[in-house]
Amino acid sequence: MEPIKTMDGKVVTEEMLDSFEAALSQDDWADNWQFTGSIIEGAPPLNTANEMLAKTV
């Protein structure tokens, strides 16, 4: 899988996602972790991913 570029320009690799998943599954949060978004209950609209992708490409 190619690296993912977030809306704010950060690059996320498959290895990073795997390490996040492994740590969080053991309730091991990074000391400097900060939540930067708002919590939205429920599933996103079906077209959200396509709209975000279109804005970043």
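This is a chat about a predicted model of one protein chain.

Colleague: Hi! What should I know about the model and its numbering before I start?

Modeller: Residues are numbered from 1 along each chain as its sequence is written. The model is predicted, and local features need pLDDT of at least 70, side-chain atom pairs count only at pLDDT 80 or more, totals for chains, interfaces and linings use all residues, and side-chain values use heavy atoms, with hydrogens and water left out.

Colleague: Thanks. What is the average pLDDT of the protein chain?

Modeller: The average is 76, and 75% of the residues score at least 70. That score is the predictor's confidence in each residue, from 0 to 100.

Colleague: And where is confidence lowest and highest?

Modeller: Helix α2 (residues 48-56) is lowest, with a mean of 54, while strand β2 (residues 11-12) is highest, at 91.

Colleague: Which pattern does the chain follow along the sequence?

Modeller: The pattern is β-β-α-α, with two helices and two strands. Helices (H or I, at least four residues) and strands (E, at least two) are DSSP runs, numbered from the N terminus.

Colleague: How far does α1 reach?

Modeller: From first C-alpha to last, the twelve residues of α1 reach 16 Å, close to the 16 Å expected at 1.5 Å a residue; the expected span is 1.5 Å times one less than the number of residues. Just after α1, Asp-27 takes a positive phi of about 55 degrees.

Colleague: New topic: which element gives the most to the nonpolar patch?

Modeller: Helix α1 does, with four residues. The patch covers about 1,100 Å², and its members include Met-16, Leu-17, Trp-29 and Trp-33. Patches take residues with over 30% relative accessible area and no salt bridge, joining like charges within 9 Å and nonpolar side chains (Val, Leu, Ile, Met, Phe, Trp, Tyr) within 5 Å. Areas come from the Shrake-Rupley method with a 1.4 Å probe, and for residues only the protein chains shown count as cover.

Colleague: What does Leu-17 touch?

Modeller: Leaving out residues up to four places away in sequence, Leu-17 touches Ile-4 and Val-12, where contact means heavy atoms within 4.5 Å. Leu-17 is partly exposed, at 33% relative accessible area. Buried means under 20%, exposed over 50%, and partly exposed in between (1.4 Å probe, protein chains only).

Colleague: Last one: how many salt bridges are there?

Modeller: One. Lys-10 pairs with Asp-8, their closest N and O atoms being 4.0 Å apart; the criterion is a side-chain nitrogen of Lys or Arg within 4 Å of a carboxyl oxygen of Asp or Glu. Both Lys-10 and Asp-8 are exposed.
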